[in-house]
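Here is a short tour of one protein model. Look over the sequence and the fold before reading on.

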Amino acid sequence: MNKTLLLAGIATTLFAANAGAVEFNPYVSAKAAFAKMKNDAAVDSDYSFGKQTHYQNALANEKHKDDVWGLRLAAGAAAPVKYGQIRGEVELGWNDDAKDSNSFAFKVKDTYNHKFATELSVYSAMLNVYYDIDTGTKLTPYVGGGIGMARLKNKTRVTGTTPAGDLDLGSSESENNFAWNIGAGVAYAVNDKVSVDAGYRYTDYGNVKESVSQAVPGLGVPLDVNGKYDVTSHEFLIGARYSF
């Protein structure tokens, strides 16, 4: 029993000594993001007249794109390794609403053009890991990536004119997705505490699916709409980091 306690005490002491030998430097950061959002929309409508006539229409089959601003706030810690340091952080992100639209026409009932519009909002929480490369100067290149969760909300709206009157239909779908990112950048040390950095990363936010049934003026039957929206972005980041 005494030998067991002695060995446990020695192991605890050695572990504490090794842990104490690693220097962790906490930090916080804030970055502005310029994001080139891509909402790959694939939306089909489905409707029938009686039992014999069946129609399908593509409301959207293209990438909706928009350039938006966003914000990234993070807290983490850095530990020295060979040729540099490793940083790990928890990051919260927000992007302004991305909006775009396309035209389409129903195959039957009227030949008027209609507009299908999307409005996408993105919130994210990421666990990021970076490797900072020590150059012996104030400039520190880094590479990294992260995984996390994204909250997507996609609003759609169909507008136009039919012989029976104006067309104005809308829907909204939300989804919590697995998300990931990968990127690189460079930091410049203003002093021992403050550094500024600029970088680029590619982020995949997952997708949103919808399945709705709505009445269309002049069509006479419900319009069943099924859609899938795959969301990605190219992000350009610039900000500052403060180390404690």
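## Basis

This is a predicted model, in which local features need pLDDT of at least 70, side-chain atom pairs count only at pLDDT 80 or more, and totals for chains, interfaces and linings use all residues. Residues are numbered from 1 along each chain as its sequence is written, and side-chain values use heavy atoms, with hydrogens and water left out.

## Overall fold

The protein has 1 helix and 8 strands. Along the sequence the pattern is α-β-β-β-β-β-β-β-β. Helices (H or I, at least four residues) and strands (E, at least two) are DSSP runs, numbered from the N terminus.

Of the 244 residues in the protein, 36% are buried. Buried means under 20% relative accessible area, exposed means over 50%, and partly exposed lies in between (1.4 Å probe, protein chains only). The accessible surface comes to about 13500 Å². Carbon and sulfur atoms hold 59% of that surface. Accessible areas come from the Shrake-Rupley method with a 1.4 Å probe; for residues, only the protein chains shown count as cover.

Among contacts with a separation of 6 or more, 70% are between residues 24 or more positions apart. A contact means heavy atoms within 4.5 Å.

## Pocket and cavities

The largest pocket holds about 540 Å³ of space. It is lined by 26 residues, and the closest to its centre are Gln85, Thr140, Ala189, Asp192 and Arg241. The elements that give two or more residues to this lining are β1 (25-49), β2 (53-81), β3 (84-105), β6 (165-189), β7 (194-215) and β8 (222-243).

Two terms need their cut-offs. On a 1 Å grid over the protein atoms alone, a cavity is a set of points where a 1.4 Å probe fits but cannot get out; a pocket is an open set with protein on both sides within 12 Å along at least five of seven lines; lining residues have an atom within 4 Å of a point. Grid points are joined across faces, edges and corners, and a volume is the space filled by probe spheres set on the points.

The whole structure has 3 cavities of 30 Å³ or more. In the largest cavity, 15 residues form the lining, and Leu59, Val158, Leu169, Gln214 and Val225 lie nearest the centre. Here β5 (139-162), β6, β7 and β8 each supply at least two lining residues.

The second largest cavity is lined by 14 residues. Nearest its centre are Tyr130, Tyr142, Tyr200, Arg201 and Leu237. Strands β5, β6 and β7 each give at least two residues to this lining. The largest share, 5 residues, comes from β6.

The table sets out volumes and lining make-up.

| Space | Volume | Lining residues by class |
|---|---|---|
| Largest pocket | about 540 Å³ | 9 nonpolar, 10 polar, 7 charged |
| Largest cavity | about 120 Å³ | 9 nonpolar, 4 polar, 2 charged |
| Second largest cavity | about 80 Å³ | 6 nonpolar, 6 polar, 2 charged |

In these classes, Ala, Val, Leu, Ile, Met, Phe, Trp, Tyr, Cys and Pro count as nonpolar, Asp, Glu, Lys and Arg as charged, and the others, Gly among them, as polar.

## Aromatic pairs

The structure holds 5 aromatic pairs. One of them joins Trp180 and Tyr202 in a tilted arrangement, 5.7 Å centre to centre, with 55° between the planes. Trp180 sits in strand β6 and Tyr202 in strand β7, 22 residues apart. Trp180 is partly exposed at 33% relative accessible area. Tyr202 is also partly exposed, at 24%.

Tyr242 and Phe244 form an edge-to-face pair, with centres 5.3 Å apart and 85° between the planes. Tyr242 is partly exposed at 36%, while Phe244 is exposed at 53%.

Rings of Phe, Tyr and Trp (its six-membered ring) pair if their centres lie within 6.5 Å; planes under 30 degrees apart count as stacked, over 60 as edge-to-face and the rest as tilted.

## Two single residues

Ser29 lies in strand β1. Is Ser29 buried or exposed? Ser29 is buried, with a relative accessible area of 9%. Leaving out residues up to four places away in sequence, Ser29 touches Arg72, Leu73, Ala74, Glu89, Ala240 and Arg241.

Tyr83 is in the loop between β2 and β3. Its phi is near 70°, a positive value in a residue other than glycine. Most residues other than glycine have a negative phi. Tyr83 is exposed, at 59% relative accessibility.
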